[in-house]
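Biologist: I have a chain open here and would like to talk through a few of its details with you. Could you take my questions as they come?

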Amino acid sequence: LIRYRSAIANISGGSVPRIDINQTKNKTMPPAATAGTTTDMSAKVGGRVITPALPVVDTSGPTPTEQSFDDLFTDFSAKHIPLEPTEGIQRRERVLDRMGTLAREWVKSVSGRQGLGPDAVAAAGGQLYTSGSYRLGVHEPGADIDTILVAPNMCTREDFFGTNPEHMTDAGGRDPLSLAERIRAHPDVTNFVPVEGAAVPILTFDWEGVNIDLLFARLNSATAPASLDIDNDKILDGVDSATEKSLNGPRVTNLLAALAAAGSPDRYQVFLKVVRIVRKWAKARGLYSNKMGYWGGVNINIAVCLTLQLYPNACAASLLRRFFLVFKSWRWPNPVMLTKPHDAGLGLTVWSQYHAANQRQVAPIITPAYPAMNSTLAVSRQTLQIMHEEFCRGYEIIDRMWKEHQKGGDGSSEDAEGRDPCEIFAELLEPSDFFIAYPNYLSLCIAGPTLEDSQAWAGFVESRLRKLVSDQLGKSLPIIKIQLWPKKFEACVADRTALLTKAQRQNSITYFVGFFVDRMRMRGTELNVEQQIQNFQKWELSRFQPMVPGMDLYVRSFAIKELPRICFEGMYEGGKMEAMKKRRRIRDADPRRQEAKRMRRLAKLKAKMAAMQKKKEEAAAAAKAEAAEKAGEKRKREEDDNEEAEEEARLLDEVEQIEAEEGATVNVDGTEGEEEEEEEESSEMSGSDEDGSWISWFCSLRGNEFFCEVDEDYIQDAFNLTGLNGLVPYYDYALDMVLDVEIPMEDSLTEEQQEIVESAAEMLYGLIHARYIVTNRGMHAMYEKYRTASFGRCPHVFCQGQPVLPVGLSDLPRNYTVNVFCPRCHGLYFPKSTRQANVDGAYYGTTFPHLFLMTHPDLIPNKPTQQYRPRVYGFKIHQTSLYHRNHDALPEDRATGSGGSSSRRGGSRGSRNTDRRRAGGSGAGGANAGGTTGGGGGTSGGRKGAGR
């Protein structure tokens, strides 16, 4: 690698003398080189000889072991990287043939409109070229075709799109004879989307199910014949910028194909094998999208071709391993070049690393065709960090497989587990762990009013999302690492408070961004991205024209446990549940986390030992004071002391063992040198065990039988938690604990803070529970408990065991404990269990039992028909007796005792007209009213009360 690193400086005209690759052609090859091979990697394209920019690193051919390794690689590629079937190839050729015919007819119609003669119209021509993966032959089934229409100068871009004012319809519609409208009107075309505002205008559509991207190039000549040499640099003379970029696609592709096949036709087949699997790897790992800041197809093609230039005689498997080796150790921003840029003298800008604007480019990959340009302008430092991590991972996997293959022989037989040996390459293509790798996520929902408007709007926003992630969020916020997942989801995950119409939700796509927060740079406890989103909409999205009402970008934040299920479908077998289990396994394998768990366990054991020692000292002091106790009690105390001594010795051994483990080294896999005990208390796992959630654990505790399990979806909706952050201390930590979101290592709390957070989590869950049980889902969960009398039964005799419902006397916490309400007698009672009686009544609220019965009127029981009457020796106690005074009087009468005699007198006199008990009560009220003026007034008041 030192040879090509030292040659970097001369690529763009540095001071190091140029190393000509042709100088190495006549040197003696190493003994391992195969017969008939050559190191000449030059090619003649467009009348010019193209030579590589870097010297060959190794000309050795494959050894027998490498060849057997390559055979496994070939078998794996055949199984997992399918090629286009014959039917698909024929359909693509048929579509391209019909497109070419339609394009030439359009060129003739435009020439006729210009008033040209029949000979000029016939000679106008018009050619259709392909580029990219289809041109190279590395496309997958269902991939798109990049096409470029090269037309003479009488055809303008306005004629192409149908926006020429001279030919537009009277209503302002597009020209029906334009190529865009001809394609749109074709019966086999669907999903037609014209994008005129892009730097390179394009038509995107599906023709017979084949996705086509059609560009337009206008030559500076009156004809575009079939003999046109598109690879000749003179074709760019006098063309505009959009045409220059459009022609760059097929020109670069043709040059890549020529360089990959230089010297030996077998090299092109090796090139195709490696490109196919690298493309598959990039898509699986979320690295395949040029507009999102990663590598696209042309970047991968150039990178693999460069590796082939460095190792021209390597087999496909060895070339793949060296591809990861080269780019994991590449010293960016040194440019990746296949050939030294040249200037054809046509006045076009040729890329140079000494240009001031180019020096700010992060990871340039330069196209080999004139004019040389950077094909990775969108790559930022954030995306380069992610790609470098993936290059390192890829090399580690493929190098490990190669070393294991060297030890294991030819690998022609199945392994001990019965797996096909070629499946060793499957690990390289495993899906990315993006949706379980970050604690925080943002969803970017792109919505439009109609399908057509949504497609145009989404294409514009997608081309600028990298600026939001890398420039706005990555540079201006305290974020350590940020990653944009380049695959879109055909769904709307905007918050419920966002006022989206049904059409907007149907025409929405969503992208996700994951990030790590830098706690050292944080100010406060919340990360506010609102300002960055507003700046992005103001400076970038406002450029879109025409902006239609209903086009918008909706941003929503998620914790990892709050992510919707669609994120995990298709990536993990078992969906979100299996993804969370995998995340826990990865997290538990972290050496830092294992060390922290061991230290917490050690601290608990030491605290337990200190408590035992204190107890022992107290027992010893008590023993001195109770020396006169009986011998039997003394023996019993000695036995207890022996048991405590044994327990202390056991704990001491365990502490010494843990302290010894602190010195154990950690191996490269991140596991401890000595095996750690798997079981631990549930409190160490934020209140949840390996298979259950915190909510399930909390509801299963003794005393919490009245609680039902609240759905996590309900808790994750911020609207349902409105106002609770002001009632619950450590709100964010408590919410994370309830949702089983692990606290990062840098946010580890002290034991005292941990206890506060655990208490706050119980309060938060209780207040959420009070809101949840008045919803339909909550009432259904409580109905199941009510049906089985889980809340207990009414202690009133005549209610005959009527099931009760929990109720609080206040909606604010720390005021009253929970009571139970009887629907039959409407009485309030204490719960039967003292544990349940200590639960805060605000966790059930004042509304639930009554709304529950109103929602289920069939559950309302009849009032008891019997009523208990106190008797003495079988006789009912008269209502005028003192026995009934405190029972029948109002609470304020019992508190003050005023108007007592007047009440009795009023009650006696009122019995002539009304019921005695009701008259006595009214008399008491009247007596109180007149009691302030004296006894006579009290009597009069009682009489008036009785009359009423």
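Biologist: Which residue is the bridge partner of Val820 in E14?
Modeller: In strand E14 the bridge partner of Val820 is Tyr829, where strands (E, at least two residues) and helices (H or I, at least four residues) are DSSP runs numbered from the N terminus. This is a predicted model, in which local features need pLDDT of at least 70 and side-chain atom pairs count only at pLDDT 80 or more, while totals for chains, interfaces and linings use all residues. Residues are numbered from 1 along each chain as its sequence is written, and side-chain values use heavy atoms, with hydrogens and water left out.

Biologist: And over how many bridges do E13 and E14 pair?
Modeller: They pair in the antiparallel sense over two bridges, and two strands count as paired if DSSP finds at least two bridges between them.

Biologist: What is the order of the strands in that open sheet?
Modeller: The order is E12-E13-E14, three strands with antiparallel pairing. E12 and E14 (828-829) stand at the edges with a single partner strand each, so one side of each has no neighbour in the sheet. Helix H27 (residues 848-855) packs on the sheet and touches E12 and E13, a contact being heavy atoms within 4.5 Å. The direction of H27 makes about 140° with that of E12, using axes fitted as lines to C-alpha atoms, for helices over the stretch in contact, and angles from 0 to 180 degrees between N-to-C directions.

Biologist: Where does Leu809 lie?
Modeller: Leu809 lies in the loop between E12 (805-807) and E13 (819-821). Leu809 counts as partly exposed because its relative accessibility is 43%, given that buried means under 20% relative accessible area, exposed over 50% and partly exposed in between, with a 1.4 Å probe and protein chains only.

Biologist: Switching topic, is Val56 buried or exposed?
Modeller: Val56 counts as buried, because its relative accessibility is 5%. The loop that holds Val56 runs between strand E2 (48-50) and helix H2 (64-80). Val56 and Pro312 are 256 residues apart in sequence, yet 7.5 Å apart in space, C-alpha to C-alpha.

Biologist: What about E9, how many of its residues are buried?
Modeller: Five of the six residues of E9 (residues 479-484) are buried, so this strand is largely enclosed by the rest of the structure. E9 pairs with E10 (residues 508-517) in the antiparallel sense over five bridges, and Val517 in E10 is the bridge partner of Ile479.
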